[in-house]
Amino acid sequence: MWKLKVAEGRGPWLYSINNFVGRQIWEFDPDAGTPEEREAVEKARDDYQKNKSRVRAGGDVLMRLQIKKENSNVDLSIPPVRLGKEEQVDYEAVTTALRKAIRLNRAIQSKDGHWPAENSGPNFFTPPLVSSTFANTSNMYSY
């Protein structure tokens, strides 16, 4: 099974001025993972083979499976917000959607603080959202 290694450096020719922050490499370990994890990886591979033409950029499923498992302390159980054509957007819907987005971004963030692989969204929006959740701990809403 492939495993993403983040912020690790080895070898006599590797040098880093920031302790390898942001460095990411994939390593193959044939004995890695539980049977359930291997089954999830095989399912992801099958889904990719069937839907190659519809896979979006940034859809690195193997990386997301691994990082979400490592960040299992982030609660992703918030149900999605679905509004009909005639429904009005209210404060609660916006707050729930924002809370879900922030939690997902925290769940796919690596241990050294960066988001591995491709994030094809507007990256300049993400860091302020994530940092605001940690800076404003006195807020009555817990993100």
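## Salt bridges and a helix that packs inward

A salt bridge here is a side-chain nitrogen of Lys or Arg within 4 Å of a carboxyl oxygen of Asp or Glu. Glu 27 sits in strand 2 (residues 24-28) and Lys 5 in strand 1 (residues 2-6), so the pair ties together parts that are 22 residues apart in sequence. Glu 27 counts as partly exposed because its relative accessibility is 27%. The cut-offs are simple: buried means under 20% relative accessible area, exposed means over 50%, and partly exposed is in between (1.4 Å probe, protein chains only).

Before going on, a word about the model: it is predicted, local features need pLDDT of at least 70, side-chain atom pairs count only at pLDDT 80 or more, and totals for chains, interfaces and linings use all residues. Residues are numbered from 1 along each chain as its sequence is written, and side-chain values use heavy atoms, with hydrogens and water left out.

### The overall layout

The protein chain has four helices and two strands, and from the N terminus on its elements run β-β-α-α-α-α. Helices (H or I, at least four residues) and strands (E, at least two) are DSSP runs, numbered from the N terminus. Of the chain's 143 residues, 23% count as buried. Among contacts with a separation of 6 or more, 63% are between residues 24 or more positions apart. Contact means heavy atoms within 4.5 Å.

### More salt bridges

A search of the whole structure finds six salt bridges. Here are three of them, including the opening pair:

| Pair | N to O distance |
|---|---|
| Lys 69 and Glu 37 | 2.3 Å |
| Asp 47 and Lys 43 | 3.0 Å |

Lys 69 is exposed, at a relative accessible area of 52%. Glu 37 belongs to helix 1 (residues 35-50), and its side chain also reaches the backbone nitrogen of Thr 34 at 3.0 Å. Leaving aside neighbours within four places in sequence, Glu 37 is in contact with Met 1 and Lys 69.

Because they are four residues apart in helix 1, about one helical turn separates them. In general, an α-helix has 3.6 residues a turn, so residues three or four places apart point the same way. Asp 47 counts as partly exposed, at 32% relative accessibility.

### The inward side of helix 2

Which residues of helix 2 are buried? They are Met 63, Gln 66 and Ile 67. They cover an arc of only 95 degrees around the axis, which means they are on the same side of helix 2; the arc is that of the directions from the helix axis to the C-beta atoms. The buried residues of this helix pack against strand 1, strand 2 and helix 3.

Take Gln 66, which is found in helix 2. Gln 66 counts as buried because its relative accessibility is 12%. Setting aside neighbours within four places in sequence, Gln 66 is in contact with Trp 2, Lys 3, Leu 4 and Trp 26. The C-alpha atoms of Gln 66 and Lys 3 are separated by 7.6 Å, although the two are 63 residues apart along the chain.

Arg 106 has its place in helix 3 and is partly exposed, with a relative accessible area of 21%. Its C-alpha atom and that of Lys 68, 38 residues apart along the chain, are separated by 9.1 Å.

Finally, Val 81, Leu 83, Val 89 and Val 94 make a nonpolar surface patch of about 310 Å². Patches are made of residues with over 30% relative accessible area and no salt bridge; like charges are joined within 9 Å, and nonpolar side chains (Val, Leu, Ile, Met, Phe, Trp, Tyr) within 5 Å. Leu 83 lies in the loop between helix 2 (61-70) and helix 3 (91-107), and at 39% relative accessibility Leu 83 counts as partly exposed.

Technical notes. Polar contact = N/O pair within 3.5 Å; in protein donor to acceptor, adjacent residues only side chain to side chain. Areas by Shrake-Rupley, 256 points an atom, 1.4 Å probe, with all protein chains shown as cover.
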